[in-house]
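Take a look at the chain below. We will walk through a few of its parts, one at a time.

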Amino acid sequence: MTTSLPDTTAGTKPAAAPPKQSESPVGQLRHRPEVGALIGTISVFVFFAIFGGEKFLAPAGAASWLNIASELGIIAIPVGLLMIAGELDVSVGSVLAGSSMTLAIVSGHWGAPMIVGIVCALGLGLLTGLLNGILVTRTNVHSLVVTLATLSGLAGLTLGLSRVTTGTTSVAVSPDPLSKALFGKLIAGQFEVAIFWWLGLAVLVTVVLQMMKYGNWIFAIGGDKESARATGIPVNKVKIALYMGSGFGAALVGVIQTILYNGAQVANGQSFVFNSIIAVVIGGVLLTGGYGSVVGVVLGTLTFAIVNQGIYYTGWNSDWASLILGILILAAVLMNNTFRRLALSYKPRSAKKA
């Protein structure tokens with residue numbers, strides 16, 4: 001499920017000796033880059049299963065953290081790809097809010113068909129990503145600064161246009177049955193259909209990273225941008241495409257939330273700005289770029305969601321949730337660094353020549 005990294009180790013310190021050929025599959029598992037994230041997910045699940053009891057393990061409990069993980073994961077996966085490529089996108093919160101209000105205004109306030117509102121909302125996400133990508137690649141200003149400016153600017157634009165257009169900051173919408181089934185249905189009355197969007201996106205992006213040259217390009221850009229450009233990789237085009245993917249993911253969650261809750265507010269989405277980055281970091285993606293996997297991001301998202309909701313099933317003061325999450329982030333980074341070194345040092349013994 002993980003893409004092999006491009007060779008960026010030329011001229012560096014020799015890698016550690018490869019494991020012995022007789023090493024068991026379990027022993028070799030420690031060289032996988034997702035192992036740190038997997039241990040973290042299992043640990044927090046067992047912890048809250050013990051202290052949260054039956055309520056945490058019940059379908060309603062599982063739905064509480066799976067629903068959060070699905071919405072966050074749809075944003076975290078494309079954000080994770082950007083971070084693998086050495087870039088950041090903190091504008092996702094405003095993209096989510098802007099796309100939500102776009103759908104609500106177009107199909108709710110103006111009464112256009114839902115498909116028109118959905119296309120406009122997703123188009124806003126793609127357009128914002130395109131703008132971010134062009135600004136980052138053409139100006140060479142750090143992506144954090146560029147996307148912070150987009151975050152603020154789009155938030156102000158959404159608020160201003162919403163008041164001018166509707167006179168309010170909250171707009172209701174009445175989705176048609178098909179739109180409700182595709183984006184806002186609750187399976188068994190508890191599980192959001194967004195879970196399937198999240199898993200489908202994870203599979204799709206994994207295929208791209210593992211089976212297409214585009215995946216190797218992403219890792220190469222994150223490892224050494226100039227070397228990647230020298231080998232003929234279209235660095236700027238790849239980055240712009242990744243930003244458009246990030247914008248599309250945030251807009252998709254905006255569409256899902258608007259149809260699920262039958263309305264939108266201009267304040268939606270701001271919690272996703274740093275929660276997505278936190279989930280990606282817990283999943284083992286390096287802030288410096290060049291390393292990570294989709295499986296790790298999925299596990300990091302699950303870990304974040306379990307901690308975020310699990311505290312409420314323990315009966316403890318929910319004020320401790322932030323403390324637990326902070327400790328978890330630090331532990332995850334330290335653990336992931338250890339497994340990253342093991343993964344990068346792993347070189348299977350080549351077959352003996354006949």
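Leaving aside residues up to four places away in sequence, Ser246 touches Pro78, Val79, Leu82, Asp89 and Val92. Keep in mind that this is a predicted model. Ser246 sits in helix H11, which runs over residues 235–261. Is Ser246 buried or exposed? Its relative accessible area is 0%. Buried means under 20%, so Ser246 counts as buried.

Now step back to the whole chain. The protein chain holds 14 helices and four strands. It has 354 residues, and 49% of them count as buried. Contacts across the sequence matter for reading the fold. Take the contacts with a separation of 6 or more: 79% of them join residues 24 or more positions apart.

Next, look at a pair of helices. Helix H4 covers residues 92–109, and helix H5 covers residues 114–139. Their axes come within 8 Å and cross at roughly 155 degrees. Angles over 145 degrees count as roughly antiparallel, so H4 is roughly antiparallel to H5. The crossing of the two helices is right-handed. Which residues of H4 and H5 make the contact? From H4 come Val95, Gly98, Ser99, Thr102, Leu103, Val106 and Ser107. From H5 come Met114, Val116, Gly117, Ile118, Cys120, Ala121, Leu124, Gly125 and Thr128. Sort the residues of this contact by type: nine are nonpolar, seven are polar and none is charged.

Move on to helix H7, residues 177–184. Its buried residues are Ser179, Phe183 and Gly184. Where do they lie around the axis of H7? They cover an arc of only 70 degrees, so they are on the same side of the helix. That buried side has neighbours. The buried residues of H7 pack against H5, strand E2 (186–187), helix H8 (194–211) and H11. The face of H7 turned away from the buried side carries the exposed residues Pro177 and Leu178.

Finish with helix H12, residues 272–282. How many of its eleven residues are buried? The count is eight, and H12 is mostly covered. The buried ones are Phe272, Val273, Ser276, Ile277, Ala279, Val280, Val281 and Ile282. Just after H12 comes Gly284, with a positive phi of about 100 degrees.

Methods. Residues numbered from 1 in each chain as written. Predicted model: local features only at pLDDT ≥ 70, side-chain atom pairs only at ≥ 80, totals over all residues. Heavy atoms only, no water. Buried < 20%, exposed > 50% of the residue type's maximum accessible area, 1.4 Å probe, protein only. Contact = heavy atoms within 4.5 Å. Axes fitted to C-alpha atoms, helices over the stretch in contact; angles between N-to-C directions. Parallel < 35°, antiparallel > 145°, perpendicular 65-115°, else oblique. Left-handed = near helix turned anticlockwise from the far one by under 90°. Nonpolar A, V, L, I, M, F, W, Y, C, P; charged D, E, K, R; others polar. Arc of directions from axis to C-beta.
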